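Dear colleague,

Please find the structure below, handed over for your review. A written account of the findings follows it.

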Amino acid sequence: MKASRERGPRRRLRPRAARCTGCKGGGSTPSATRAAAAEAEEEEEEERGRQQQRKAQRSMQPDTWADVQQASSRAEDGGSGGDASLPSAPQALPEAVFKPLPPPRMRLEPVRVEFTKLETPHLPARAQREEELRTYKAKLVDDKLLADSQDVADRQPVFLKDKGDALYKQGNYRGALNAYSRAIELDDAIPLIWANRGACHLALGSHEAAMGDCTRALDLLLMRQDRYESGNMDVPDMAAYKKQLLRVRVRRGQALSQMGRLAQALQDYEQAMRLDPDNASLAADVDELRAALGPADIQALKQRGAARFQAGDHVGAVEAWGLLLSLPHDAVPTSEQQAALSNRAAALLVLGRFAEGEADCFRALALALAALHSQASQQQQQQQ
């Protein structure tokens, strides 16, 4: 028999089943089998005893703290000579048994979550919110409501003017127009901002609005001139003042000419020529307006086209030679038509309008070939 080993803290040491030394396979004898079965029954009996002991301990514990207090009061009454029929106080229980139970939780009402009713259910949630914000901002009239949420640059007209100038140089005329408009809302007494917004309108093709803004800028500049002459205001840099006045005159003249009001445009250009008499481009514009106001003349149109081309205004040159070619063919000699087509083709090539320039060249060649063919036929008739 070998020594047995311990299997657990609550199990007693027991010997292993006896082994027959005479068997080669090492099998158990019948007596060893009976001993193992008896040992198993004994372990089951011990486990049932432990379970019954734990159940008895649980039955001794009070259900609530009130039961504990009642048992305590009974024990005190019995110890002080009270009713002898009452049962004696129970023995002290472990500390864990007298641990008070937590108070019952209060019944909480469910939280109700309500959402704002959508006024535009046909739009997605994000688009709807953006639409509401745009509508809200459009209704704001008092600038003080947006003062706290705007940048410093959006509250100073000078900064807005610089922002508009940068956008204008980038070719973003619509953005520059918005910046100048905001600056005018903050301070409408700065003539340069009016003039710059007029340039934006002119670039966008809004000639009527451009004329109105330039007129307002011109009125402000002339008011300042009156103050300078009366001594109510210090004399500024006269060169800068004349430059602003020149730009406003020219821009309003351009707007008026695009509107077909050539006589008024000529007046603005003549006033601009007085401020800068050595400006060749202005002189060409004045000559063109005078020629346009006069009767349609071949020589005047030729001079206008040549002056525009030399001044670098190739678009104006194309328009002048186009007017010449639009005259009745009987009134314009073939040689003049050829020259006008050739000159207009040169201006179109400079502008990069190669297809139109090529078409003018073909027309000029066709007229030249027709003229040569006519001369050859006339010579043949004379020889005969």
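Throughout this message, a residue is called buried when its relative accessible area is under 20%, exposed when it is over 50%, and partly exposed in between, with a 1.4 Å probe and protein chains only. The model is predicted, so to speak of local features a pLDDT of at least 70 is needed and side-chain atom pairs count only at pLDDT 80 or more, whereas totals for chains, interfaces and linings use all residues. Residues are numbered from 1 along each chain as its sequence is written, and side-chain values use heavy atoms, with hydrogens and water left out.

Aromatic pairs

A pair of aromatic rings is described by the distance of the centres and the angle of the planes. Rings of Phe, Tyr and Trp (its six-membered ring) are taken as a pair if their centres lie within 6.5 Å; planes under 30 degrees apart are stacked, over 60 edge-to-face, and the rest tilted. The structure holds two such pairs. Tyr 168 and Tyr 173 form an edge-to-face pair, with 5.1 Å from centre to centre and 65 degrees between the planes. Tyr 168 is partly exposed because its relative accessibility is 31%, and Tyr 173 is partly exposed at 29%.

In the pair of Phe 309 and Trp 321, the ring centres are 6.2 Å apart and the planes stand at 50 degrees, so this pair is tilted. The pair links distant parts of the chain, 12 residues apart: Phe 309 belongs to helix 11 (residues 298–310) and Trp 321 to helix 12 (residues 314–325). Helices here are DSSP runs (H or I, at least four residues), numbered from the N terminus. Phe 309 is partly exposed at 31%, while Trp 321 is buried at 5%.

Helix 4

Helix 4 (residues 157–169) has 13 residues and reaches 18 Å from its first C-alpha to its last, close to the 18 Å expected at 1.5 Å a residue; that expected span is 1.5 Å times one less than the number of residues. Its buried residues are Pro 157, Leu 160, Lys 161, Gly 164, Asp 165 and Leu 167. They lie on the same side of helix 4 because they cover an arc of only 165 degrees around the axis, the arc being that of the directions from the helix axis to the C-beta atoms. Val 158 and Lys 169, on the other side, are exposed. The cover over the buried residues includes helix 5 (173–186) and helix 6 (191–204), where contact means heavy atoms within 4.5 Å. Just after helix 4, Gly 171 takes a positive phi of about 90 degrees.

Arg 249

Arg 249 is found in helix 8 (residues 238–258) and is buried at 15% relative accessibility. Leaving aside residues up to four places away in sequence, Arg 249 touches Leu 218, Asp 268, Gln 271 and Ala 272.

The largest pocket

A pocket is found on a 1 Å grid over the protein atoms alone, as an open set of points with protein on both sides within 12 Å along at least five of seven lines; lining residues have an atom within 4 Å of a point. Grid points are joined across faces, edges and corners, and a volume is the space filled by probe spheres set on the points. The largest pocket holds about 580 Å³ of space. It is lined by 20 residues, of which Ser 257, Gln 258, Glu 288, Asp 313 and Glu 319 are the closest to its centre. Helix 10 supplies the largest share of this lining, six residues.

With kind regards

Methods:
Helix = DSSP H or I, 4+ residues; strand = E, 2+ residues; numbered from the N terminus. 1 Å grid on protein atoms, 1.4 Å probe; cavity = no way out; pocket = protein on both sides within 12 Å on 5 of 7 lines; lining within 4 Å.
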